[in-house]
Amino acid sequence: MDVLGDGLIEALRLLLTGDEDTWAITALTLRVSLSATVIAFLLGAPVGTLLALGRVRGRRVLLAVANTGMGLPPVVVGLFVTVLLWRSGPLGSLDLLYTPTAMVIAQAAIAAPIVVALTATALQQVDPDFLLQMRGLGATRFRALGALLVEAKLPLLAAGMAGFGAVVSEVGAAQMVGGNIAGETRVLTTAAVLATSRGQFALAIAFGLILLVIAFAVNLGITIAQHRQRVTG
Amino acid sequence: MRRVRRAAVFLTVLLSLTACAGTEQAAGPSTEKSLILATTTSTQDSGLLDELLPAFTEDAGWQVKPLAVGSGQAIELGRRGEADVLLVHSPKAEEDFVAEGTTGPRRLVMHNDFVLVGPPEDPAGIRGVPAEEAMRKIATSGAGFVSRGDESGTHAREKQLWEQNEIVPSGQWYRSTGQGMGATLRVASETSAYTLTDRATYLSQKANLGLEVVNEGDKALLNVYHVIEMTKRAGDRVQPDGAKAFADWMTGERAQTMIREFGAEEFGQPLFLPDAGKDESTLGD
């Protein structure tokens, strides 16, 4: 049990003394996972909207696919992206393997189905008559859709946060496509795994705690941004 | 919509902040030549690579992307041309691999040894016997044994030792973790079982383990590391010049001195012994 206490002290020490490696790892973690989440949101939210509202053929099957995709094992996505990016693979000439860009690609692929599925669910929950009413009130289809998105904005943000939570905490894909290279592709999760295999348990716990803190900070930031708007607006 | 916009602004600010921090750190490597080294977990988990690689970059101007995987996977990455140079410790597999004809030179770098570790009370009574007999005693006594089971160099050596005894390890007493050395040592420690480990990883993690060295010193337990250069025959994008620079440097004076001194102070004995230019058959004499 000492390990947990030592981990807490180590985490505070690393954060408070401004340990350079720790800050670089933390910054990279945020950069990779936030970029992946933003990309997943930009791609996933429109697809989810289309699936919820559009008359798409095979809509139920596609929704089931997106729902299944929420449970996509990161290690499988990682392997798939790795093989694509291998020197001998179809995208090998891009020289992306073992770079943060490769990690963003893999994590965006992990987060996208989550955003699609949760967006679709969120929009389906809005009163089905809402669109009809808006149209009835004379709104154009585009304006009606805009109003619907405003109505569903909280669940939409939740979809983004769920995507972020999934990628910032995953280790399989980050390890495989990033390679856990010191100073280049080492993020908090892969650093924690390495520290564990080196027997540095307190350090591993410390990385875990820092991960929790930044995930909390991001979610808190978004929530406060919403709340302040609610008060002033 | 304004609420969403606030959140978006927050995210954008956060992203650009971290992006600045990121580019600062990535600017160095991307402008230089970079090669891929496939190596074993023992060189990373013991901390040796952290010591050697910055010195190599400083001397040779090549950045190194080290992939710490089992020797089996490292050789596979070399075979596919996904790595430029290998630092591995699975001699039999290496010789077969070199015979395929896609590699460049294979050179001796260093060695340490494997040791059998187990509970201090040594239930199978393997202290002081030859390694082969020790393995037999473990199997027949039913005392637990934990295997890496991951096609690493250590796993390959373990299988070789069973084969020499014509033992097919299976049953309740034999567990395969499929994980690295550190994790496997901990499983052995928690279950009071024996395992085969390289000395470097054991020494660097000894403090966390309830395991002692119970059998050591047999020549069959030598753990020899070679550096293998890859060539264009393995893949178009292999960088033989980088491979040669790395292999030359690893067998050169500076690296060999660093290897000799690595860990000596902390553990009271060196973790690896440098062997560049030696005849492999004389090791352990």
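Two residues are taken to be in contact if their C-beta atoms, placed from the backbone, lie within 7 Å. By this criterion, residues 24 or more positions apart account for 76% of the contacts in chain A with a separation of 6 or more. The model described here is a predicted one.

Chain A is made up of 11 helices and 0 strands, and from the N terminus on its elements accordingly read α-α-α-α-α-α-α-α-α-α-α. Along the principal axes, the C-alpha atoms of this chain fill a box of roughly 65 × 50 × 30 Å. Of the 233 residues in chain A, 46% are buried.

Chain B was examined at the level of its domains. The domain assignment gives domain 1 of chain B as 33-111 + 223-282 and domain 2 of chain B as 113-221. The centres of the two domains, taken over C-alpha atoms, are separated by 25 Å. Contact between them involves 19 residues of domain 1 of chain B and 16 residues of domain 2 of chain B. On the side of domain 1 that touches domain 2, the elements of chain B that give two or more residues are α2 (41-45), α4 (71-79) and α5 (91-99). The residues of that side of domain 1 comprise 12 polar, 5 nonpolar and 2 charged.

Two strands of chain B were then considered. Strand β1 (residues 33-39) of chain B is joined to β2(B) by 7 bridges, and the two strands run parallel. Within this pairing, A38(B) stands opposite L67(B) of β2(B). Strand β2 itself, residues 62-68 of chain B, is mostly covered, with 7 of its 7 residues buried. In a regular strand the side chains alternate between the two faces of the sheet. In β2(B), W62(B), V64(B), P66(B) and A68(B) point one way, while Q63(B), K65(B) and L67(B) point the other way. The residues on both sides of β2(B) are all buried.

Helix α3 (residues 48-60) and helix α10 (residues 240-250), both of chain B, have axes that come within 11 Å and cross at roughly 115°. The crossing of α3(B) past α10(B) is right-handed. From α3(B), the contact is made by F56(B), D59(B) and A60(B), and from α10(B) by A245(B), F246(B) and W249(B). The residues of this contact divide into 5 nonpolar and 1 charged, with no polar residue.

Note on methods
Residues are numbered from 1 along each chain as its sequence is written. Chains are lettered from A and ligands numbered from 1 in the order in which they are written. This is a predicted model: local features need pLDDT of at least 70, side-chain atom pairs count only at pLDDT 80 or more; totals for chains, interfaces and linings use all residues. Axes are lines fitted to C-alpha atoms, for helices over the stretch in contact, and angles run from 0 to 180 degrees between N-to-C directions. Helices (H or I, at least four residues) and strands (E, at least two) are DSSP runs, numbered from the N terminus. A crossing is left-handed if the near helix is turned anticlockwise from the far one by less than a right angle, and right-handed if clockwise. Ala, Val, Leu, Ile, Met, Phe, Trp, Tyr, Cys and Pro count as nonpolar, Asp, Glu, Lys and Arg as charged, and the others, Gly among them, as polar. A residue is buried if 20 or more other C-beta atoms lie within 10 Å of its own, exposed if 12 or fewer, and partly exposed in between; C-beta atoms are placed from the backbone. Domain bounds come from an automatic or database domain assignment. Two strands pair if DSSP finds at least two bridges between them.
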